[in-house]
Structures are given as C-alpha cells and as structure tokens.
Amino acid sequence: WNRISYARTPSTSSLLFFVVAVGLEEVEEEGSLLDLGLGIVGSTQAINSISTQLKEFFVHILIHNIKQNHLPIFKMKLAIASLVLGSATAFSPSAFSGSALKATSSNGSSMDMKYKVAVVGGGPSGACAAEIFAQEKNIDTVLFERKMDNAKPCGGAIPLCMIGEFDIPESTVDRKVRRMKLISPSNVEVDIGDTLQPNEYIGMCRREIMDKFLRDRAISYGAEAVQGLVTSIDVPEDHKESESQYTLHYQEFTEGKSAGVAKTMDVDLIIGADGANSRVAKAMDAGEYNFAIAFQERIKITEDQMKFYEEMAEMYVGDDVSPDFYGWVFPKYDHVGVGTGTVVNRPAIKQYQKAIRDRAGDKIAGGKIIKVEAHPIPEHYRPRRVQGRMALVGDAAGYVTKCSGEGIYFAAKSGRMAAEAIVKLMDGGRRLPTQAEIERTYLADYDKLYGPTYTVLDILQKVFYSNNGAREAFVELCNSKYVQQVTFDSYLYKKVQGNNPLDDLKLLGETIGCLIKGYSIAKPDAEFSNPVESMKRL
C-alpha cells in the first residue's frame with residue numbers, strides 16, 4: 001500500500017483515498033467517515049463498476065476485523081464501503097500493483113486510466129509498431145501521419161521473406177522480379193537470377209499502396225489514426241526517472257483544408273517512426289547522421305517497353321550515375337521508377353539522374369515523367385536511438401543498409417521488434433518501461449540479429465562503389481553462380497549467407513583478379529568538390 005499512486009483526476013484521487021481509509025484500523029469515528037464517503041460518492045461521476053482487487057481487499061478487511069472483535073466498528077465502515085462499491089468504477093488494478101494510476105484514455109469518455117503510446121509516422125515502421133500496440137487492449141495507441149495518401153520516394157523493392165512474415169497480400173506487389181541486369185561503367189551487362197527457385201522473387205511495390213495496407217491493418221486492431229504533422233515535443237526534465245508525460249504539439253489536417261489546426265496531446269511513450277528528418281529524434285537529442293539524397297522519376301512507358309521489365313529490374317554502376325551508389329530502373333504496375341542516389345556529391349543529384357535516363361536509353365525513350373520524388377536516406381545509426389520512454393525505428397533510427405540502400409524491410413522489422421519488446425515490458429499495460437529496459441531488449445535484439453548484415457554491406461560498398469575500377473570488378477564477379485546464390489539468399493531471407501569455406505576461398509581469389517582487371521580497363525572517375533555541403537548532417 002505504501003506504493004499507491006493517486007490518479008490524476010481529483011474525483012478519482014479522493015475516492016481512492018476514501019477506499020484506503022476504510023480499511024485503516026486507526027479510523028474510529030464512523031460519523032466523520034460516513035460524511036467523507038457520502039461527499040465523495042456525490043461528487044464522483046461515470047462510476048459503475050469496481051476492480052476485483054478492491055473487492056478482495058474489503059473481504060480481507062472484513063475477516064481481519066471479525067478476528068480482532070472489531071465487527072461493530074467495521075459494520076459502519078463496510079456499509080459506507082458498500083455504498084461506494086455499488087456505484088464505483090474508475091479504478092485500475094495497476095494502482096494496487098505498484099504502477100501509477102493513469103488518466104483517461106484518448107477519447108476522454110471514461111476513466112480507463114490506460115497508458116497512451118504515440119507512434120509518430122505512418123510508414124512501414126510506424127504502422128507495424130502501431131499494429132502491435134493496438135492489439136494490447138490495455139494500451140491506448142495513437143498513430144500520427146501527416147498525409148494518409150503519402151507516397152514516399154522509394155525504389156519499392158521488398159524481399160520475399162517480408163511477404164510471409166508480415167502477411168502482406170500479393171495484391172500489394174506490382175511486379176515479381178526474377179531477373180536482374182547489372183550494367184558496368186563500360187556498359188558490360190551481366191544477367192543474374194538463374195539461381196532463383198520458381199517460387200522466389202523480389203517484390204516491387206508502390207509505397208502508397210503498401211503503406212496504406214499496413215496503416216489500415218493497425219487501425220483495424222484499434223489504433224487511433226490522426227492525420228497531423230507533429231511539430232514539436234515537450235520533454236519533461238525528469239522523464240527518465242518519473243512517469244511524467246510528454247506533450248506532442250501537432251497540426252491536425254482535415255479533408256478539403258490546406259491549413260491545419262494546432263492541437264496538443266499528452267502521452268506516456270513515443271515511437272519515432274517519422275523518417276530521416278525525425279522530429280522525435282530532434283526532441284530526444286538523438287544526434288546527427290550523414291545522409292544520401294535519393295532521387296526518382298516515375299516514367300510511364302509504352303506497353304511494349306513495359307514487357308521488357310515484366311520480371312526484370314536494372315542496376316547501373318558508374319561515376320556518371322553516382323560516385324558512391326547505383327542507378328536503377330525498377331518496374332511498377334504501369335510504369336517504371338528510374339532513380340539514383342549519392343552521399344558524397346548531393347548537389348549533383350540531377351546531373352546523375354539525367355545520366356541514368358541516358359544509360360537506360362531506348363528502353364524508356366519517349367516515356368512521360370508522371371512524378372518526381374526526392375528524399376534523404378540515412379547512412380548509419382543515430383548515435384542515440386532510445387532516450388527515456390522515446391524510441392526510434394526505421395529511417396529515424398538509421399536502419400538503411402549501405403551498398404543496397406534497402407530500408408523497407410528493416411523499417412517494418414524494427415517497428416515490430418520495438419513494439420513487441422515494449423508491450424512485453426509494460427506487462428499488460430500495468431507499468432512503463434525504463435530506458436535501460438528498452439535498450440536491453442529492443443536495441444540489443446535488433447543489433448544482434450542484423451548487425452552483421454549492416455557490417456558486411458558497409459564493407460562491400462567501400463570496396464566496390466569507390467571507383468570505376470572496383471565497379472567493373474563488381475559486375476564481373478556477379479557472373480559467378482556462387483556470388484548470385486549468396487547475394488539473392490542474403491537479400492531474400494535477410495541472413496548473411498556464405499558458409500562454404502572452399503567456395504569462399506575461391507571467391508577471394510576471383511575478387512582480387514577481378515579488381516586487378518577492373519582497374520586496368522576502367523576510365524578515371526570525374527573529380528568534384530563540395531566541402532561545405534558535404535558536411536551537412538541530419
């Protein structure tokens with residue numbers, strides 16, 4: 001009893017005080033107690049039930065008083081308690097298990113006293129997190145998305161394992177890519193895909209379709225959707241040691257109106273799923289990271305041209321399309337996404353975009369640009385991903401792989417893993433987790449599972465995307481069936497492959513040979529300089 005926390009609403013606080021007072025042996029003046037009880041009952045509203053723990057408490061007090069021959073005094077106490085019990089409702093069992101009693105749920109219509117979780121961002125990471133929280137009925141879940149029909153600039157490739165793991169219907173997949181053409185700086189082409197099984201493919205989707213499906217599913221489980229832009233967050237100084245609430249300031253948008261309505265909301269826990277320019281990361285002082293600019297044009301081409309891309313995707317490497325990444329042509333439902341990206345020379349992104357269109361040539365010639373998209377992509381983890389009861393997931397946390405630039409699967413997975421860990425720590429909505437607990441579960445589990453993948457792809461990017469000689473070697477290496485098998489298996493199933501020591505040793509020798517050959521035939525990389533812009537961080 002010495003850990004009971006009072007509710008935030010005055011009527012509930014008074015009622016709780018009265019119920020505790022009923023069981024105290026020191027209270028002997030029935031008249032004053034009766035006056036107190038009647039006054040509280042008269043001022044308490046929306047009261048119609050009582051928790052099992054309270055009922056058990058009064059039974060215990062009754063037995064204790066009978067044993068101690070205090071029944072005459074207790075009869076008056078019990079009568080008053082019964083009056084309250086007959087009309088009381090607003091107690092949470094968590095009040096009697098060491099956790100703080102909470103205020104009303106988001107709708108404010110009843111005294112549910114649930115903890116409230118705000119998921120800021122409605123992409124794959126936010127939607128998958130909200131879905132898990134919403135299934136815990138003792139937690140209020142609010143999902144913020146500034147634009148419900150938002151189409152984030154993205155290549156849209158998802159691995160096969162994501163389809164089954166996240167129960168994504170195939171109707172959200174525009175194309176099933178089973179072949180890939182890799183083109184070197186000197187336009188040497190290598191076709192890969194022979195190692196794929198008939199039922200294996202890379203899914204190509206439009207983000208506006210897939211993201212909506214994931215959001216709608218979270219909402220169907222009970223998440224409250226708010227179409228609004230979170231502009232700032234008030235973080236209490238003692239949020240790491242107490243259960244003080246965070247205050248979200250946001251602009252809520254309604255259909256047909258361009259201007260939002262300024263509102264605030266108090267919440268107990270925040271999941272930052274709001275991308276590379278995360279407001280949550282800024283509020284929690286998560287630190288900066290380096291970033292790439294991804295640029296993509298959606299181009300409508302003829303039906304005959306689309307037949308080439310029916311199950312085909314293309315990747316172009318060379319300093320003309322990117323000094324540190326690759327250019328792509330990915331098929332969508334009735335068009336192709338053509339794009340590129342760079343970290344080291346972001347001011348030249350439109351120059352690189354023109355180059356990828358030129359390299360694709362007749363295959364997209366005459367196509368109509370129907371949409372132009374650009375977006376920052378993180379290059380590494382944020383220095384801090386958890387602060388107090390705020391946790392980052394997806395791009396906000398920096399979960400994009402180098403070399404491939406993949407982020408959709410890792411966004412969805414991190415959102416789900418963070419929510420699952422936190423829901424378990426909250427023990428049915430009875431307590432709030434600490435920063436140390438979230439770091440010990442969500443962060444430790446994620447890093448253990450995917451840390452090797454990030455490390456391997458970081459090394460590959462440094463080795464093969466640094467200059468044209470290395471890019472030529474990379475394309476030639478992809479002729480190897482072993483390289484294709486390891487590459488596709490690692491991508492499709494999100495596990496670092498390659499456990500054949502003999503083939504790995506052979507591959508090392510081939511790599512050295514390809515690098516020597518590549519450097520001998522490659523043209524020099526173009527020089528560039530942007531010392532000021534290259535220092536910018538998000």
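**Ground rules.** I work with a predicted model, in which local features need pLDDT of at least 70 and side-chain atom pairs count only at pLDDT 80 or more, while totals for chains, interfaces and linings use all residues. I number residues from 1 along each chain as its sequence is written, and side-chain values use heavy atoms, with hydrogens and water left out.

**Whole chain.** I looked up the secondary structure and found 16 helices and 18 strands, where helices (H or I, at least four residues) and strands (E, at least two) are DSSP runs numbered from the N terminus. The chain has 538 residues, of which 53% count as buried; buried means under 20% relative accessible area, exposed means over 50%, and partly exposed lies in between, with a 1.4 Å probe and protein chains only. For contacts (heavy atoms within 4.5 Å), I noted that among those with a separation of 6 or more, 73% come from residues 24 or more positions apart. The accessible surface comes to about 24100 Å², and carbon and sulfur atoms hold 54% of that; areas come from the Shrake-Rupley method with a 1.4 Å probe, and for residues only the protein chains shown count as cover.

**Strand 2.** I then turned to strand 2, residues 139–145, where seven of the seven residues are buried. Ile139, Thr141, Leu143 and Glu145 point one way, whereas Asp140, Val142 and Phe144 point the other way, and all of them are buried.

**Its neighbours.** Strands pair if DSSP finds at least two bridges between them. Strand 1 (residues 115–120) runs parallel to strand 2 and is joined to it by six bridges, with Lys116 having Asp140 as its bridge partner. Strand 8 (residues 224–234) is also parallel to strand 2, through four bridges, and here Phe144 stands opposite Val226. I also recorded that strand 1, helix 5 (residues 124–134) and strand 2 form a right-handed β-α-β unit, right-handed meaning that, with the strands pointing away from the viewer, the path from the first strand over the helix to the second runs clockwise.

**Asp234.** Which residues does Asp234 touch, not counting those up to four places away in sequence? I found Tyr246, Thr247 and His249. Asp234 is found in strand 8 and is partly exposed, with a relative accessible area of 39%. Its C-alpha atom is separated by 5.0 Å from that of Thr247, 13 residues apart along the chain. The side chains of Asp234 and His249 are joined by a polar contact of 2.7 Å, that is, a pair of N or O atoms within 3.5 Å, where within protein one must be able to donate a hydrogen and the other to accept it, and residues adjacent in sequence count only if both atoms are side-chain atoms.
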